[in-house]
Amino acid sequence: MGIVLIWSLVLILMRWISHKRRGAISYDSEDQTALYIRMLDVRVRSQVGFEPERRGSHPYLYVDFRTLHSRPEAARPVSARNVRRLLSFQRYLHSSRFFHGIPANNPLGYILDDDFTGQAKLMLQKVGNWNFDIFLFDRLTNGNSLVNLTFHLFNTYGLIELFQLDMVKLRRFLVMIQEDYRCQNPYHNAVHAADVTQAMYCYLQEPKLAETLTSCDLLLGLLAAATHDLDHPGVNQPFLIKTDHYLAALYKNSSVLENHHWKSAVGLLRESDLLSHLPTEDRLNMEERLGSLILATDISRQNDYLSEFRTHLDKGDLCLTNGGHRHFILQMALKCADICNPCRPWKLSKQWSEKVTEEFFHQGDIERKHNLEVTPLCDRQSNSVANIQIGFMAYVVEPLFVEWSRFSDTRLSQTMMSHLSLNKQGWNEGRDKQEASSSRASEEQRTPATKDSNSKVLPQGSKGS
């Protein structure tokens, strides 16, 4: 009974801290049409030129998509995921040690729970493998894959020492990033961000990049990967536009989500003071370059980037000693990392495909519920996972990775193209089987009626003759 009381108090304290930090106004999670205002004290930084985006930093009235996305079980006071996170008081103690300094020779010992430290460390030794199972790693780190993976990569590259980063600030920054991904989203959540960060690391290890990228390039590449979908609402840009969401108006219907991700990332960088020790000019330059990388993930501009990439490859004029060309390749690497799921082994690729389709269909359900035009891709009544994935692979993924393979013709590229081919085959076979099964089911429904009809008609006809 005493333990239950302690954890109840801990939960209340955590919610109070979150409330104070975000400035949120509470609402009834059971009200599916609830509106609420999230307001923060806007910190004016006139000396840096613009105010970074932070969730709820604008005093507008808008629909909280976490409310729209909530399912019946989400209305419970404490989710099963939260219960798992609260069960280990030892984990709480380990986390608190970050605020008292971390030994540089063993940072992971303070990040990971003792029970899983060994297994997680073994996985991190193979973090550059393309078959890295981010779902398993997320379980081993108790839902903290993004924090632990990114911290490890910063340490691996020596970025903490190179940029003289305060480890407590870095830890705080990574935790805030992970918290600002919405765990309610089946796909656009912190695990996806961790997966993209791991893929980005694989690309950064490719010979052409590893030999030419600067430490600043590496830092920005990892930061962009970790924050590229920060505070994603689980719906796409057209949805935000047609519902007159304040973000669509703020960014004038152009790269709405990507701008939001970028400004949210800058807001966390400044809130954590992670780069506050750097000269202002350098800090602002890094923020702008970070934005350029994140904005490149806008899928609506896919053809623009692909066309430019193809032109460079046709001319053979890419020179990675040129800072502009290196930045462009980082953009292309992040784009590949963002949509590389179809190039993963089938076991991993299938899970991601199901998760992104679940998120699409949930948007369609919201649209139908609120009498909005249902986005074709999000209509569960006329689409399937297989159909969506086959189209996505054919028109988006394959054209991009064919060009990436031209740029970096390595074993990794060959492996990715091989997985892509096998996964396409797998989804095609699955679709064929599903269609055949549906056809048989329809035939079986018609056949009994025909037999009954014949059994009644023929005997009567024979008697009449």
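Predicted model: local features only at pLDDT ≥ 70, side-chain atom pairs only at ≥ 80, totals over all residues.
1. Helix H8, residues 145-156, packs against helix H13, residues 215-227, at an angle of about 175 degrees. The two helices are therefore roughly antiparallel to each other, and their axes lie 11 Å apart.

2. Which residues of H8 and H13 make the contact? From H8 come Leu 146, Thr 150, Leu 153 and Phe 154, while H13 brings Leu 219, Leu 222, Leu 223 and Ala 226. Sorted by class, the contact of H8 with H13 has 7 nonpolar residues and 1 polar residue, with no charged ones.

3. Follow the chain past H13 and you come to Asp 229, in the loop between H13 and helix H14 (237-242). UniProt, in an unreviewed entry, lists Asp 229 under "binding site". Is Asp 229 buried or exposed? Its relative accessible area is 6%, so Asp 229 is buried. Setting aside neighbours within four places in sequence, Asp 229 is in contact with Tyr 181, His 188, His 192, His 261 and Asp 338.

4. Another aspartate to look at is Asp 195, which sits in helix H11, residues 190-204. Asp 195 has 2% relative accessibility and therefore counts as buried. What does Asp 195 touch, not counting residues up to four places away in sequence? The answer is Ile 134, Asn 341, Arg 344 and Trp 352.

5. The largest nonpolar core has 98 residues. Trp 130, Ile 134, Phe 154, Tyr 203, Leu 204, Phe 401 and Trp 404 are the residues with the most contacts inside this core. H11 gives the largest share of the core, 11 residues. There is also a second, separate core of 10 residues, and Val 235, Tyr 246, Leu 247 and Leu 257 are among them.

6. Not counting residues up to four places away in sequence, Trp 404 touches Tyr 203, Leu 209, Phe 309, Ile 329, Met 332, Ala 333, Cys 336, Ser 413 and Met 416.

7. From there, move on to Met 416, in helix H22 (residues 411-464). With 0% relative accessibility, Met 416 counts as buried. Beyond residues up to four places away in sequence, Met 416 touches Trp 130, Tyr 203, Cys 343, Phe 401 and Trp 404. How many residues apart in sequence are Met 416 and Cys 343? They are 73 residues apart, yet their C-alpha atoms are 4.8 Å apart in space.

8. Last, a look at the backbone. Most residues other than glycine have a negative phi. Asn 142, although it is not a glycine, has a positive phi of about 55 degrees. Asn 142 is found in the loop between helix H7 (134-140) and H8, and it is buried, with a relative accessible area of 15%.

9. Asn 253 also has a positive phi, near 60 degrees. Where is Asn 253 found? Look in the loop between helix H15 (246-250) and helix H16 (256-272). Asn 253 counts as partly exposed, at 41% relative accessibility, whereas Asn 142 is buried.

Note on methods: Residues numbered from 1 in each chain as written. Heavy atoms only, no water. Axes fitted to C-alpha atoms, helices over the stretch in contact; angles between N-to-C directions. Helix = DSSP H or I, 4+ residues; strand = E, 2+ residues; numbered from the N terminus. Parallel < 35°, antiparallel > 145°, perpendicular 65-115°, else oblique. Contact = heavy atoms within 4.5 Å. Nonpolar A, V, L, I, M, F, W, Y, C, P; charged D, E, K, R; others polar. UniProt positions renumbered as here; feature names shortened; annotations may be inferred. Buried < 20%, exposed > 50% of the residue type's maximum accessible area, 1.4 Å probe, protein only. Core = buried A, V, L, I, M, F, W, Y, C linked by side-chain atoms within 4.5 Å.
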